[in-house]
Amino acid sequence: MLEDKVAIITGGTRGIGFATAKLFAKQKAKVIIFGSKKESVDRALNELQKEGLMVDGYYPNLNSEEEVVAVVEKIAHQYGHIDILVNNAGISANKKIEDTTVTEFHQVIDLNVNAVFHVTKAVVPYMKKQQNGVILNTSSMVSIYGQAAGIGYPTSKFAVNGFTKSLARELGPDHIRVNAVAPGVINTDMVRALPKEMIHPLIQTIPLRRIGEPEDIANAFLFLASDMASYITGAILSVDGATQC
Ligand code: NAD
């Protein structure tokens, strides 16, 4: 479904991003993953390359405009085009507002919102030149329902939705589609790190009575990245088993 497409996936070293990188590469995309550290990028690349998949990886500081622009330029030069960007890297939060420091709040916004802006801004000129491209963002079910703790996290994901819908309008005339997937509770390190008291009550609110797997989200990204979704832009696709918090 993605033959010869060049796809950049941030936060591609594990969890949802890793599953998406694997699926896209299996669908014959040339995948470039971004991670936070050399070791985690190398580990993910090893695992994917062992399966014979075509992947490459970098670890730019996503909050450095200079580093992001340089690595995107390098990729564009090497591959000749950039067709798909998945802004997936993200961190969560779960403290009460009184216990959240200003630094912790800013850390969440820096990665979940500002980094999305940096990477997208770096990629858009190439997509505009091609007059074609797909930008996908990882939002969250908390962007719809809010969350009773970790205020920076739902705040960041509401911002991701606004970014998605607005950029879809701005870039539509250039044939660039912009969509987001809003996952429910997904079986990744991020969720495994949450206290059990938070996860168990959540599962009871899920009509499908299971948490999702990273592959459930990767499948949604594949659909949205493919030409099957050629008339879909500005959408926030919930993939959450009909969860209602
Ligand atoms: P994860 O913790 O398994 O993976 C996070 C990824 O982000 C990793 O590849 C990591 O290298 C990268 N990352 C973390 N900090 C970074 C930094 N400072 N700079 C660059 N990269 C960094 O998490 P996940 O559950 O796979 O989450 C991926 C996305 O899905 C996030 O945006 C998250 O908010 C969203 N999400 C997850 C869930 C869930 O239940 N797991 C639900 C809704 C939304």
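I began with helix 9, whose buried residues pack against helix 1 (15–26), strand 4 (84–87), strand 5 (133–138), strand 6 (176–183) and strand 7 (236–239); contact here means heavy atoms within 4.5 Å, and buried means under 20% relative accessible area with a 1.4 Å probe, protein chains only. Helices (H or I, at least four residues) and strands (E, at least two) are DSSP runs, numbered from the N terminus.

I note that this is a predicted model, in which local features need pLDDT of at least 70 and side-chain atom pairs count only at pLDDT 80 or more, while totals for chains, interfaces and linings use all residues. Residues are numbered from 1 along each chain as its sequence is written, and side-chain values use heavy atoms, with hydrogens and water left out.

I then listed the buried residues of helix 9, which are Pro214, Ile217, Ala218, Ala220, Phe221, Leu222, Leu224 and Ala225.

Turning to the ligand, I found 25 residues around it, the closest being Thr13, Asn88, Tyr153, Ile186 and Thr188, where a residue counts if one of its heavy atoms lies within 4 Å. For polar contacts (pairs of N or O atoms within 3.5 Å), I looked up oxygen atoms of the ligand: one lies 2.7 Å from a polar side-chain atom of Thr13, and one is 2.8 Å from a polar backbone atom of Ile186. Taken alone the ligand exposes 820 Å², of which the protein buries 89%, with areas from the Shrake-Rupley method and a 1.4 Å probe.

Finally I checked which helix gives the largest share of the ligand's shell, and helix 7 does, with three residues.

Key: Buried means under 20% relative accessible area, exposed over 50%, partly exposed in between (1.4 Å probe, protein chains only). A polar contact is a pair of N or O atoms within 3.5 Å; within protein, one must be able to donate a hydrogen and the other to accept it, and residues adjacent in sequence count only if both atoms are side-chain atoms.
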